[in-house]
Amino acid sequence: MKYDTLNSFLTFLERVAPGTYETSMGYPSTITSNMFGFYDWYMASGIYKIFMNNAGDPFSDDGYLISTLSLERKTIEFFAPFYGISKDEAWGLVTSSGTDGNNHGIYFGARVLQSQTGMQPIVYVSKESHYSNRRLCDLQNLEVRLVECDPMGRMLPEALRSAIYPERPALVIFSMGSTFKGAIDDQVALNRVLEEVKPLGVYRHVDAALFGGYLPFTPYNYLVDRTTLGFDSIAVSGHKFFGLDSPCGMFITTKQVLAVQKAYKVDYLDGEMPMINCSRSALNPLKYYWVVENVGEEGFRQQAGKVLSFSNYLVEALKKIGWPVWKNEFSNTVFIRRPSEATVNKYNLARGYDEAFGGPLAHVVVMQGMKIELIDEFVAALRDELVQ
Ligand SMILES: *Cc1c(COP(=O)(O)O)cnc(C)c1O
């Protein structure tokens, strides 16, 4: 057997690394994996010898037998209550990404509104939301209205009010962690607008790819609680806060929403198939449950606490040296005046631009794998730029 190409790839870390890998701060990945030990267990279990495929509905007995569908269901049932959806009312799936979760939210939402009103909805989403939402509406041929935000990136309730066309049903997507500024749309205020304007029908999907990971494990869990906020579905990424090492996520909704979906009767899988994808990864639910059993609720709480306290630490340290810095409340995304190209590259910062904040910006996403020494080093680098 020859693995020349694969082996030569192993020099990847040396090539990409010097510096970058250990000092990357601009994107929401946990550099320290939550999955140490998983592959030892995986190999020891012998499961790797079996081809598995989660083609089917994890909440029915239908679908492909040689799968981890039962664990997929357990994953959704474990996490759903953290979003205020009881185990009994929950339905969902382990998706291939946050985008896939939003795709389901938009598709399922449009079906709900179609069945209630006989009309296609208009989608309302903020200008600062993740681009996947616009892409997906384009793909699903849905009309979108981009709603204005305040300078910190939150959808403006008054802008939603004037954007809404009441004679058509409204599919509203709330951003829980807008991409660049980490803004959290104020669902309470936006819900009030929806109640007052009363469009023909309303479906609320929450795009919580990053913040939906840690918020349930903080005192601010009310920000993602369906029992008080009344949203219909939520999408969360698995490879962001939860630290899985391949792109995946969760789409969580209710059995009520499921009930009005277009479930195709599929003979070869001997069941009804409501979701968009046929084959799904059987490995991802194993990884999810590995993280549930190894990190667990208490571990998530500790990691979430670290994310928020380190975020505040970074903000305070930058304020102290006088570097312009901004952060939304409850956010782990710290945006700053953009430093030199060398610093942006060294710390793999994400770039942004906003005239309201003086032009060129960059952001740091503080994750639980980040070391305090790295934050100190970064702040020192910015201080050096100030004295030069
Ligand atoms: C990361 C992110 C996405 C995209 O998720 P993927 O898992 O990369 O597809 C969507 N929305 C928000 C708010 C995000 O932070």
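# Briefing: strands, helix contacts and a buried serine

Serine 175 has aspartate 207 in β5 as its bridge partner. The model is predicted; local features need pLDDT of at least 70, side-chain atom pairs count only at pLDDT 80 or more, and totals for chains, interfaces and linings use all residues. Residues are numbered from 1 along each chain as its sequence is written, and side-chain values use heavy atoms, with hydrogens and water left out. Helices (H or I, at least four residues) and strands (E, at least two) are DSSP runs, numbered from the N terminus.

**Strand β4 and its partners**

- β4 and strand β5 (residues 202-207) run parallel and are joined by six bridges. Two strands pair if DSSP finds at least two bridges between them.
- β4 also pairs with strand β2 (residues 122-126), in the parallel sense, over four bridges. Here isoleucine 122 stands opposite alanine 170 of β4.
- Six of the six residues of β4 are buried. Buried means under 20% relative accessible area, exposed over 50%, partly exposed in between (1.4 Å probe, protein chains only).
- Ala170, Val172 and Phe174 point one way from β4, while Leu171, Ile173 and Ser175 point the other way. In a regular strand the side chains alternate between the two faces of the sheet.

**Serine 178**

- Serine 178 lies in the loop between β4 (170-175) and α9 (187-197).
- Its relative accessible area is 3%, so serine 178 is buried.
- Leaving aside residues up to four places away in sequence, serine 178 touches Glu128, Gly153 and Ala183. Contact means heavy atoms within 4.5 Å.

**The four-stranded open sheet**

- Four strands form an open sheet in the order β10-β11-β13-β12, with antiparallel pairing.
- β10 (325-327) and β12 (350-354) are the edge strands, each pairing on one side only.
- Direction ignored, neighbouring strands of this sheet are turned by 30 degrees against each other on average.
- β12 and strand β13 (residues 359-365) run antiparallel, with five bridges between them. Alanine 350 stands opposite histidine 363 in β13.
- Helix α14 (residues 296-321) packs on the sheet and touches β10, β11 (333-337) and β13. The direction of α14 makes about 155 degrees with that of β10.

**Helix pair α5 and α13**

- The axes of α5 (residues 69-79) and α13 (residues 283-294) come within 9 Å and cross at roughly 45 degrees. Axes are lines fitted to C-alpha atoms, for helices over the stretch in contact, and angles run from 0 to 180 degrees between N-to-C directions.
- α5 and α13 are therefore oblique to each other. Angles under 35 degrees count as roughly parallel, over 145 as roughly antiparallel, 65 to 115 as roughly perpendicular and the rest as oblique.
- The α5 and α13 crossing is left-handed: the near helix is turned anticlockwise from the far one by less than a right angle, whereas clockwise would be right-handed.
- α5 contributes Leu71, Glu72, Lys74, Thr75, Phe78 and Phe79 to the contact, and α13 contributes Pro285, Leu286, Tyr288, Tyr289 and Val292.

**Helix pair α6 and α7**

- α6 (residues 98-117) and α7 (residues 131-139) pack at an angle of about 50 degrees, with axes 10 Å apart. That makes α6 oblique to α7.
- α6 passes α7 in a right-handed crossing.
- Thr99, Asn102, Asn103 and Ile106 of α6 meet Ser132, Asn133, Leu136 and Cys137 of α7.
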